[in-house]
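Subject: Structure handover

Hello,

I am passing a structure on to you.

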Number of protein chains: 2
Amino acid sequence: MRFELTRDYLEKLRQGIEANDVKIVKELTNDLHPADIAEILDEISIDEARFVYLHIDKEFGSDVLVEMEEDVRERFLALLSGEEIASVFIDNMDSDDAADIISELSEERQEEVLSHISDIQQAGDIVDLLNYDEDTAGGLMATELISVKENWTVTRCLDEIRIQAEEVDEIFFVYVVDEKETLIGTLPLKKLLLANGNTLIKDIFDGNVISVKTDMDSEDVANVMEKYDLVAVPVVDGIGRLKGRITIDDVVDVIKEEAEKDYQMISGISGDVEHSDSIFQLTKARIPWLMIGMSGGVLAALVIGGFETELALYPQLAFFITLITATGGNAGIQSSSIIVQGLASKTIGLESTTRKLIKELSIALINGIILSTLLFAYNVLVEHPMALSISVSLALITVIVVASLFGTFVPLALNRIKIDPAVATGPFITTTNDVIGLFIYFWIGKYFFTVFS
Amino acid sequence: MRFELTRDYLEKLRQGIEANDVKIVKELTNDLHPADIAEILDEISIDEARFVYLHIDKEFGSDVLVEMEEDVRERFLALLSGEEIASVFIDNMDSDDAADIISELSEERQEEVLSHISDIQQAGDIVDLLNYDEDTAGGLMATELISVKENWTVTRCLDEIRIQAEEVDEIFFVYVVDEKETLIGTLPLKKLLLANGNTLIKDIFDGNVISVKTDMDSEDVANVMEKYDLVAVPVVDGIGRLKGRITIDDVVDVIKEEAEKDYQMISGISGDVEHSDSIFQLTKARIPWLMIGMSGGVLAALVIGGFETELALYPQLAFFITLITATGGNAGIQSSSIIVQGLASKTIGLESTTRKLIKELSIALINGIILSTLLFAYNVLVEHPMALSISVSLALITVIVVASLFGTFVPLALNRIKIDPAVATGPFITTTNDVIGLFIYFWIGKYFFTVFS
């Protein structure tokens, strides 16, 4: 029932396209889900994609388009006129998908497409949706939903649902509104099926409804839906009028994107890139962070250079440069990533920043003492000079403590001034920790070598 | 409508509990969603939690239990007898939640609880579910679902749905099975509402159903539901018989957990910890990775120590140790994280490993040439010796290339031998890159200083 894209399959399809063999192409794409066809189109050239697209089931066209990757879709739509886009695709789409796709077009093309949408109501809904910021509940929601009035009977309700259902793919929830279109609850389908025809909706509906406002940030929408295990959530405007609904499949994309963004930030990659992107895109996403890291390296070189005299006297000081910077870096990233994850999932706890820092200090001290004791034992064992052994261990504790506190404090501070705290997990924090760590190390080293000599 | 947990609220609640004031506690928890109550119970002591729990609405009890954090729930259930757990909680739960919670108990307590479940059918379902691996579709699914036979009429179907609906919280899909209980399709509620009473189900059902097998890995289930935008997916056994269904809210948890696992791996934290966990738990999750990193640092010290003679002659070589290791580390993590993300989301592309490595080589060369040219210009500008300037830049290119190829190859190789490729993003790969990078750097440095002097 499910399709797995293989190299063999692509090879066969390409041969069919090259031979202009419509029968083979149809055979190969027949019965596939739109998401599978979109996956195939993402893998082949734009001309091959056009050939395939022309020969798939017409009613699938818009679903395939929705599932395509953004950049492929962009190149694909560039081949079509505004009228074709409107009549072939947009007319068959849900308002939220239509708005997403139209928003990717240039201002000029947007107007062209909108002017060719045959359903005035749909065109109006799309224009309304385009006004919402794409990272808010309004930008995520679809306007297709089923709503009933509180003073209707069950029979009237079923009749109205039948009419409204024409427009909606799947009925998950029936929303109940009052005369002013204010959302007052939901009507579980179960209750509708079990109730007597003359019963009034207001006597059976469920008034405990969780809704979100149109301007709520999409990450917060995801948190609400996740916390309350919601499959769909109604969206209301500032005065509580029902405007649309968000289903969880759209929110899954938000959750994935957020997680990927944080992951890319911690690994020093900017932008949403994949291994299948072009070499140019991948280079562009990676080099800025490498440059930040290298600049940090130059700074570190200046710090080390400042202790050139000591290095010439005690070259053994250089042995542990990497140990100090690497361990400080690791401790810092551990701290900041725990904070970043806690902030993202709202599980950070309610205690004050000071208490968070005290907790972090305790953990850092325990880790620092264990590690530096082990290291001291090792250094004594291999008969390194006592000055070196003491300096390295003392520096190690200090660096772990400083890096951990820094890694805890910076994301909390960034979050307070509304900057994405994940920034604090990238090369930026590691670099800073490197520089601070080296200072501490050489300063302590210099002191002990002077004392012991 | 939604509740926000604040320090003030907790303060008031604690005062109420301390004063044994049932009225205040009831007032404060009244009208709250079970997920909110669970959130509160996670924040207060186990004794306070018991007090609150005793005074909340009885029918909410099991929902609150489902939403609690695992460790809090464990301590909480330890206070109750097997009979209490069975009669108060399990009887009101969906089979998947019940199985999850029972699976957390000791073998002995599991039997005790199971023997006290009043509904024999439910007890049987739970025992069946306990047999599935928790990371498979079988472990995720619930057995509560609505299924109809293909040769029923719409009227019979609605009657049966009314009966079956008693057990099911929400009706999202009606599944259609044949005489042998084999899943053959779904019946959209819309079609059911629009059809005539005498119509046979086999004439209106939708045979294009995507299902998963009970033994499918839960990550794969998540990928399938995400790709096809499914809100619920039916689960079938090896010969296609309908066994249960998975709803997307359970899969959202899988997606989140996977993302968190990868994130914690790259930041060098083991186990699923949060900032609110105890100092002991947090230390335990962090120290192993710090030790790996420190061992790498000791290895690095040995490498650098091997070049002690050169360092004594040319102490300037030490200046750029951090730059080389940090940049190599960054490039390696970039490469491996792109591969790990691609493998997780199945967007890695179909080309061979060799082609992936060639692509990575190109990116590494471009980045390496740009960065080392910049660095060379800087070193010439600040009038560092030519031997140093050349060595550092040459070493930088080499290290970026080696680290990038290594970062690409290792996760691909781990994935092939069925080890979680995310392992390759943690301190392990950075440490290896540090050691290799230092070798390359000092070896090149030694050569050029000898040539130029």
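The notes below cover the contact between the chains, and then one residue.

This is a predicted model, in which local features need pLDDT of at least 70, side-chain atom pairs count only at pLDDT 80 or more, and totals for chains, interfaces and linings use all residues. Residues are numbered from 1 along each chain as its sequence is written, while chains are lettered from A and ligands numbered from 1 in the order in which they are written.

In the interface, 103 residues of chain A are in contact with 102 residues of chain B (contact means that the C-beta atoms, placed from the backbone, lie within 7 Å). The most on the chain A side comes from helix 17 (residues 279-306), with 17 residues; helices are DSSP runs of H or I with at least four residues, strands are runs of E with at least two, and both are numbered from the N terminus.

B:S147 lies in strand 1 (residues 146-149) of chain B. B:S147 has 19 other C-beta atoms within 10 Å, so it is partly exposed (20 or more would be buried, 12 or fewer exposed). Leaving out residues up to four places away in sequence, B:S147 touches B:Y175, B:V177 and B:L242. Its C-alpha atom is 5.6 Å from that of B:V176, 29 residues apart along the chain.

Regards

How values were computed:
Two residues are in contact if their C-beta atoms, placed from the backbone, lie within 7 Å.
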